[in-house]
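Dear colleague,

I am passing on the structure below, together with notes on what I found in it. Please read the notes with the coordinates open.

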Amino acid sequence: MVNRMIVKIDEEKCNGCGKCVSPCAEGAIQIINGKAKVVSEELCDGMGFCIGVCPQDAISIEERQTMDFNPQAVKEMQETKEKDTETGSIHCFKCDRDENERYLMPLRHGKESIWVCTRCLPALIHG
Ligand code: SF4
């Protein structure tokens, strides 16, 4: 454990929109049960590129005791994502689950084609 800066997500404010998932190059954030979560604190470098995209002001950076940032774990996460891209594996744009984990449906929004799983779809419909 080390004392360092790390992302904090306020679940009360988070509406699960998923806009913070892609800006996190390390793959530290996923939408789980309709809320953004840091899936592994060793993946979060605390730089906060996700903060500016949050429409709910739900993300902040705090200094606290946590796992040390792990570049090797980040590399493995990025390699997994690259492999998925190469193999054509598709993922829900919100929670990042793949077609083996959830039923996925195609969506068209803002001139983009995206995939959403059946668990994340209700949040899109109902807000
Ligand atoms: S961008 Fe903000 S509101 Fe949207 S999922 Fe991330 S933390 Fe939640």
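I begin with Phe69, which counts as buried because 20 C-beta neighbours lie inside 10 Å (buried means 20 or more other C-beta atoms within 10 Å of the residue's own, exposed 12 or fewer, and partly exposed in between, with C-beta atoms placed from the backbone). This is a predicted model, in which local features need pLDDT of at least 70 and side-chain atom pairs count only at pLDDT 80 or more, while totals for chains, interfaces and linings use all residues. Residues are numbered from 1 along each chain as its sequence is written.

Phe69 sits in the loop that links strand 4 (59-66) to helix 1 (71-87), where helices (H or I, at least four residues) and strands (E, at least two) are DSSP runs numbered from the N terminus. Leaving aside neighbours within four places in sequence, Phe69 is in contact with Glu42 and Asp45, a contact being a pair of C-beta atoms, placed from the backbone, within 7 Å. Phe69 and Pro55 are 14 residues apart in sequence, and their C-alpha atoms are 26 Å apart in space.

Gly88, with a positive phi near 80°, follows helix 1.

For the chain as a whole, there are two helices and six strands, which run β-β-β-β-α-β-β-α from the N terminus on. Of the 127 residues, 25% count as buried.

The largest nonpolar core has 23 residues, of which Cys20, Ile29, Cys50 and Cys92 touch the most other members; such a core is a set of buried Ala, Val, Leu, Ile, Met, Phe, Trp, Tyr and Cys residues joined through C-beta atoms within 7 Å. Strand 1 (2-9), strand 2 (29-32), strand 3 (35-38) and strand 6 (112-117) are the elements that give two or more residues to this core. Beyond four places in sequence, Cys92 touches Arg97, Arg102, Leu104, Trp115, Val116, Cys117 and Cys120.

Finally, 15 residues lie around the ligand, and Cys14, Cys17, Cys20, Ala36 and Cys54 come nearest, a residue being near if its C-beta atom, placed from the backbone, lies within 6 Å.

With best regards

Key
Two residues are in contact if their C-beta atoms, placed from the backbone, lie within 7 Å.
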